[in-house]
Amino acid sequence: MLTKLPTANLKKVVKQRFDDASLPKTHAMTWLNYQLFLQKLAKAAADNAREDKSAVIRAQHVRSAAKTILGSNKG
């Protein structure tokens with residue numbers, strides 16, 4: 001899993017859409033949204049593992065949780 005946000009691509013896209021004064025705020029908000037997404041994903045994957053009565057969170061649990069989380073966070 002990614003340990004940090006891919007900042008090169010993010011900065012390129014943000015610079016195209018926002019002015020220079022709002023770049024630090026935009027970057028911070030994007031980072032926080034990314035962290036919240038990862039937290040939701042981990043919690044949903046843990047719930048899926050618990051439903052399967054598995055002590056370990058496996059790739060299948062993360063994939064099914066990702067489908068659910070990504071489907072609800074489109075926008």
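Biologist: In which helix is Thr 26 found?
Modeller: This is a predicted model, and its helices are numbered from the N terminus. H2 covers residues 23-51. Thr 26 is found in helix H2.

Biologist: Does Thr 26 count as buried or exposed?
Modeller: Buried means under 20% relative accessible area. Thr 26 has 14% relative accessibility, so Thr 26 counts as buried.

Biologist: Which residues is Thr 26 in contact with, leaving aside its neighbours within four places in sequence?
Modeller: Contact here means heavy atoms within 4.5 Å. With the neighbours within four places in sequence left aside, the contacts of Thr 26 are Val 14 and Phe 18.

Biologist: Which residues of H1 and H2 make the contact between these helices?
Modeller: The axes of H1 (residues 7-17) and H2 come within 11 Å and cross at roughly 130°. H2 gives Leu 23, Thr 26, His 27 and Thr 30 to the contact, and H1 gives Thr 7, Leu 10, Val 14 and Lys 15.

Biologist: How many residues of the contact of H1 with H2 are nonpolar, polar and charged?
Modeller: Val and Leu count as nonpolar, and Lys counts as charged. The residues of this contact divide into three nonpolar, four polar and one charged.

Biologist: What angle do H2 and H3 make where they pack?
Modeller: H3 runs over residues 59-72, and its axis is 8 Å from that of H2. The crossing of H2 and H3 is right-handed. The angle between them is about 130°.

Biologist: Why is H2 called oblique to H3?
Modeller: Angles over 145 degrees count as roughly antiparallel and those from 65 to 115 as roughly perpendicular. H2 and H3 pack at about 130°. That angle makes H2, relative to H3, oblique.

Biologist: Which residues in H3 does H2 meet?
Modeller: On the H2 side are Phe 37, Lys 40, Leu 41, Ala 44, Ala 45, Asn 48 and Ala 49. The contact of H2 with H3 holds 10 nonpolar residues, three polar and one charged.

Biologist: How far apart in space are Leu 41 and Thr 68, C-alpha to C-alpha?
Modeller: Leu 41 is in helix H2, and at 7% relative accessibility Leu 41 counts as buried. In sequence, Leu 41 and Thr 68 are 27 residues apart. In space, C-alpha to C-alpha, the distance is 9.0 Å.

Biologist: Is Val 62 buried, partly exposed or exposed?
Modeller: Val 62 has its place in helix H3. Buried means under 20% relative accessible area and exposed means over 50%. Val 62 has a relative accessible area of 27%, so Val 62 is partly exposed.

Biologist: Which backbone nitrogen does the side chain of His 61 reach?
Modeller: His 61 is in helix H3, and at 2% relative accessibility His 61 counts as buried. Not counting residues up to four places away in sequence, His 61 touches Ala 45, Asn 48, Ala 49, Asp 52, Ser 54 and Val 56. At 3.0 Å, its side chain reaches the backbone nitrogen of Arg 58.

Biologist: What is the phi of Lys 53?
Modeller: Most residues other than glycine have a negative phi. Lys 53 is not a glycine, yet its phi is positive. Lys 53 lies in the loop between H2 and H3, and with a relative accessible area of 78% Lys 53 is exposed. The phi of Lys 53 is about 55°.

Biologist: What pattern does the chain follow, read along the sequence?
Modeller: The secondary structure comes to three helices and zero strands. Read along the sequence, the pattern is α-α-α.

Biologist: What percentage of the residues of the chain count as buried?
Modeller: The chain has 75 residues. Those under 20% relative accessible area count as buried. The buried share of the chain is 24%.

Methods: Residues are numbered from 1 along each chain as its sequence is written. This is a predicted model: local features need pLDDT of at least 70, side-chain atom pairs count only at pLDDT 80 or more; totals for chains, interfaces and linings use all residues. Side-chain values use heavy atoms; hydrogens and water are left out. Axes are lines fitted to C-alpha atoms, for helices over the stretch in contact, and angles run from 0 to 180 degrees between N-to-C directions. Helices (H or I, at least four residues) and strands (E, at least two) are DSSP runs, numbered from the N terminus. Angles under 35 degrees count as roughly parallel, over 145 as roughly antiparallel, 65 to 115 as roughly perpendicular and the rest as oblique. A crossing is left-handed if the near helix is turned anticlockwise from the far one by less than a right angle, and right-handed if clockwise. Buried means under 20% relative accessible area, exposed over 50%, partly exposed in between (1.4 Å probe, protein chains only). A polar contact is a pair of N or O atoms within 3.5 Å; within protein, one must be able to donate a hydrogen and the other to accept it, and residues adjacent in sequence count only if both atoms are side-chain atoms.
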